[in-house]
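Please open the structure in your viewer and keep the selection panel handy. We will go from stop to stop, selecting as we go.

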Amino acid sequence: MAAVQIIVGSVSGTALEVAEAVADTLTAHGHQVRINARFQKGDLQDAQEVLLICTSNTGMGDLPMNIVPFYEHLKNDYPALAGRRYGVINLGDSSFPNFAQAGKTLDEAVADLGAVRIGEPLVIDSIFTNDPASDASDWANEWSTLL
Ligand SMILES: Cc1cc2nc3c(=O)[nH]c(=O)nc-3n(C[C@H](O)[C@H](O)[C@H](O)COP(=O)(O)O)c2cc1C
């Protein structure tokens, strides 16, 4: 069983709802989960903890404000993430030209520090789903088995 920190970026709450659904699913599989929607330096200290980035997109493929401190920490402070396991849930809307760019930006930033992604990112396109939390729970049932 794993400890998982879900780092959330959300503007209007959908990604947070998704994170809560995923937390419930992972907990039901016996994992220990905490949701972090207000990232601060120091929140990556448990080297055994798996990171799950769960972000929406805003602007032109930009990061939601509440996950910018996480990105800035990665880019400015180079935290020790070599070998750290992580996953990505990326909520976007394919009618925007910069579809799902925010999740890709964060995925690259953690990979650049040597972290190792578990499984493929889940990309949730709001055009094609009415129930992102349910989609994410289905994905988490599979992802859980990789931890
Ligand atoms: C003002 C605005 C800008 C957006 N820009 C993008 C974008 O550039 N790329 C994208 O894939 N989705 C974009 N989206 C779609 C959102 O990321 C998507 O609706 C997401 O589910 C919102 O989740 P949230 O409530 O957690 O912020 C945008 C949505 C809004 C309202």
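First, some ground rules. This is a predicted model, in which local features need pLDDT of at least 70 and side-chain atom pairs count only at pLDDT 80 or more, while totals for chains, interfaces and linings use all residues. Residues are numbered from 1 along each chain as its sequence is written.

**Stop 1: the ligand**

Select the ligand and the 21 residues around it; Ser10, Thr14, Ala15, Ser56 and Gly92 come nearest. (A residue is near a molecule if its C-beta atom, placed from the backbone, lies within 6 Å of it.) Now colour helix 1 (14-28) and strand 4 (85-92), the elements that give two or more residues to this shell. Helices (H or I, at least four residues) and strands (E, at least two) are DSSP runs, numbered from the N terminus. Colour the shell by class and you will find 8 nonpolar, 12 polar and 1 charged residues. Here Ala, Val, Leu, Ile, Met, Phe, Trp, Tyr, Cys and Pro count as nonpolar, Asp, Glu, Lys and Arg as charged, and the others, Gly among them, as polar.

**Stop 2: helix 1 and helix 4**

Axes are lines fitted to C-alpha atoms, for helices over the stretch in contact, and angles run from 0 to 180 degrees between N-to-C directions. Look along the pair to see helix 1 pass helix 4 in a right-handed crossing; a crossing is right-handed if the near helix is turned clockwise from the far one by less than a right angle, and left-handed if anticlockwise.

To display the contact, pick Thr14, Glu17, Val18, Ala21, Val22, Thr25 and Leu26 in helix 1, which meet Pro132, Ala133, Ala136, Ser137, Ala140, Asn141 and Ser144 in helix 4. (Residues are in contact if their C-beta atoms, placed from the backbone, lie within 7 Å.) The contact of helix 1 with helix 4 has 8 nonpolar, 5 polar and 1 charged residues.

**Stop 3: helix 2 and helix 3**

Next, select helix 2 (residues 68-77) and helix 3 (residues 101-112), which pack at about 35° with axes 10 Å apart. Helix 2 passes helix 3 in a left-handed crossing. Show Tyr71, Leu74 and Lys75 of helix 2 with Leu106, Ala109 and Val110 of helix 3, the residues that make the contact. They divide into 5 nonpolar, no polar and 1 charged.

**Stop 4: two loop residues**

Jump to tyrosine 78, in the loop between helix 2 and strand 4. Its phi is near 45°, a positive value in a residue other than glycine. Tyrosine 78 counts as exposed because it has 10 C-beta neighbours inside 10 Å. (With C-beta atoms placed from the backbone, 20 or more others within 10 Å means buried, 12 or fewer exposed, and in between partly exposed.)

Then find alanine 100, in the loop between strand 4 and helix 3. Alanine 100 also has a positive phi, near 60°. With 23 C-beta neighbours inside 10 Å, alanine 100 counts as buried.

**Stop 5: leucine 52**

Finish in strand 3 (residues 50-56), at leucine 52. Leucine 52 is buried, with 27 C-beta neighbours inside 10 Å. Leaving aside neighbours within four places in sequence, leucine 52 is in contact with Val4, Ile6, Tyr86, Gly87 and Ile89.

Key. Contact = placed C-beta atoms within 7 Å.
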